[in-house]
Amino acid sequence: MFQLLDIIGTMAFAMSGALTAMNKKLDPFGVFIIAFVTAVGGGTLRDIMIGRTPVGWMLDFKYVYVISVGFILAILFRKKFDRLRTSLFLFDTIGLGVFTLIGLEKGINIGLHPIICIALGTMTACFGGVIRDILCNEIPVIFRREIYATICILGGIVFFILRKMNLENDVLYLTTSLVIISIRLMAVKYKWYLPAIENK
Amino acid sequence: MFQLLDIIGTMAFAMSGALTAMNKKLDPFGVFIIAFVTAVGGGTLRDIMIGRTPVGWMLDFKYVYVISVGFILAILFRKKFDRLRTSLFLFDTIGLGVFTLIGLEKGINIGLHPIICIALGTMTACFGGVIRDILCNEIPVIFRREIYATICILGGIVFFILRKMNLENDVLYLTTSLVIISIRLMAVKYKWYLPAIENK
Amino acid sequence: MFQLLDIIGTMAFAMSGALTAMNKKLDPFGVFIIAFVTAVGGGTLRDIMIGRTPVGWMLDFKYVYVISVGFILAILFRKKFDRLRTSLFLFDTIGLGVFTLIGLEKGINIGLHPIICIALGTMTACFGGVIRDILCNEIPVIFRREIYATICILGGIVFFILRKMNLENDVLYLTTSLVIISIRLMAVKYKWYLPAIENK
């Protein structure tokens, strides 16, 4: 189940990367690389920083396949993205929840402090998109408009509160994912956003 | 003492990051992340490259606190930065000296060649700012105008010359910091800069 | 022989980095850093991702010297680059072949899957240029126009096909390099390129 959600999230991230790259009129290699780093960039950065090398996608072959499929689907359906927007958004939100949990788990496994684990969860879920935007020469969108990272942080806090209550792992994971996914859906529905801080 | 200077430098770097991010009208999460990477980005890059993982700030909690305080101060006093410019510049210069020394030390600890140690010192002191500028979609300022990295390199050379003389560690560290700090103060006072190399 | 080609490739990459940096009117420190990351950035990223730390150039001093020479040559001959264009292009192509092989080899040494090894070869040869373009605030040129990475991938596939035939290592390496170098020369001569994927 969790495995399946991981695949859905990875594919959604790869497709969002491919879409951004096509908007920048990149060539197929460029589109593939951007799709790839959007999907695995956050986890790669996390693995490098905690010394878990070779990094995840080099050892678990699933990711190369899933991203390749996402890349091909994005190219085939590139003129129909407007109609697919809702499904893609839903998959992306699933990715947000699952990737945050994976990051939290890796931090806990090596005994890091909860705050650092939350940072790792947020990094896993959000920094693929940050690298995508840097490669496409944009200021990362999550620093500007969307309540995106903030939701991962909230999800991480909920996770550690529930964990104190000695819930079973399954319940813990499911609840945290649902919290992240629901806040994100509400944030978009009700147009919640963080205001820019201006200093002039 | 050295510990205190490290805290002052980290806070100054975090505030300089927050300031740049606010100039780009980022949201609070974006401002925090830019403050964070400006403060610890150089050391993180160094740790990753020498295989010292999990990287420093994940194990020593001090940095998360200090950067959070710097972030809050930067937001509170964001309209008064013109009056605080001199103090902030002074703190930033302390950071430059201390961070260079920390980088030099990490390289020496694992037995690297002096030239590589100087590269690590310069990286520790300067590459937080480089990552800050990339995230804000600018060509890094230290590649364009300021004599900044050059001072770290000079400081590193002085360090190894003094070290050959078998000075005590305390004297060695203090002298190197003072050299870096004084050159930087003079560079700004007398407007020393490296000319651009043009090829047209 | 292979050692010599590695030096030629490294120097060509350093000079291409220096040239790009001078076009952006950076100061000498900026030009040096861009030359350095263009030459060793791909290998550094590869080493970090597979956990081979301290990264290569920190342990093998050759690179610091070769890049310094390339940097100085680039500055001295900066007004004559138009006449040197052909030689520089040839050296750069040698670098492409050699660096791909080095990346493939590192992956094989730690037992990674052929597809991951090809990714490592491509990363070694191409990502120095990607980092150069990001530091210079450009969308990486290899994502937009040039058939560059694609050639490394083809070279990698040829390498593993030949390897199945139990060729001797020398023959294997030489043939792969020649394949990469010839495709690149033909790609430029006959103006082969990948078309942009547009989604409008």
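Only 9% of the interface residues of chain C are also interface residues in chain A, so the copies meet through different surfaces. Contact here means heavy atoms within 4.5 Å. The model is predicted: local features need pLDDT of at least 70, side-chain atom pairs count only at pLDDT 80 or more, and totals for chains, interfaces and linings use all residues. Residues are numbered from 1 along each chain as its sequence is written, chains are lettered from A and ligands numbered from 1 in the order in which they are written, and side-chain values use heavy atoms, with hydrogens and water left out.

The contact of chain C with chain A draws on 34 residues from chain C and 30 residues from chain A. The size of an interface is often given as the accessible area lost when the parts come together. For chain C and chain A the buried area is about 2700 Å², and carbon and sulfur atoms give 72% of it. Buried area is the accessible area (1.4 Å probe) that two parts lose on being put together, summed over both.

A salt bridge is a side-chain nitrogen of Lys or Arg within 4 Å of a carboxyl oxygen of Asp or Glu. Three residue pairs are in polar contact between chain C and chain A, both residues at pLDDT 80 or more. A polar contact is a pair of N or O atoms within 3.5 Å; within protein, one must be able to donate a hydrogen and the other to accept it, and residues adjacent in sequence count only if both atoms are side-chain atoms.

Three helices of chain C, H2 (28-50), H6 (114-135) and H7 (149-164), each supply at least two residues of the side that touches chain A. Helices (H or I, at least four residues) and strands (E, at least two) are DSSP runs, numbered from the N terminus. H6(C) gives the most to this side, with eight residues. By class, the side of chain C that touches chain A holds 22 nonpolar, six polar and six charged residues. Ala, Val, Leu, Ile, Met, Phe, Trp, Tyr, Cys and Pro count as nonpolar, Asp, Glu, Lys and Arg as charged, and the others, Gly among them, as polar.

The interface of chain A and chain B was treated in turn. Here 34 residues of chain A are in contact with 30 residues of chain B. The two chains bury about 2700 Å² between them, 72% of it on carbon and sulfur atoms. The count between chain A and chain B is zero salt bridges. Three residue pairs are in polar contact across this interface, both at pLDDT 80 or more. On the side of chain A that touches chain B, helices H2 (28-50), H6 (114-135) and H7 (149-164) of chain A give two or more residues. H6(A) gives the most, with eight residues. That side has 22 nonpolar, six polar and six charged residues. Only 9% of the interface residues of chain A are also interface residues in chain B, so these copies too meet through different surfaces.

Two copies of a chain are related by a rotation about an axis and a shift along it. Chain C can be laid on chain A with an RMSD of 0.0 Å by a turn of 120° and a shift of 0.0 Å along the axis. For chain A on chain B, the RMSD is 0.0 Å, the turn 120° and the shift along the axis 0.0 Å. Copies are superposed by least squares on the C-alpha atoms of residues with pLDDT of at least 70 in both.

An unreviewed UniProt entry places the feature "domain: Glycine transporter" at residues 4-78 and 90-163 of chain A. UniProt positions are given in the numbering used here, feature names are shortened, and annotations may be inferred rather than shown by experiment. Residues 4-78 of chain A are 83% helix and 0% strand, with end C-alpha atoms 24 Å apart.

The peptide bond from Thr53(A) to Pro54(A) is cis, with omega near -10°. Pro54(A) lies in the loop between H2 and helix H3 (56-59) of chain A.
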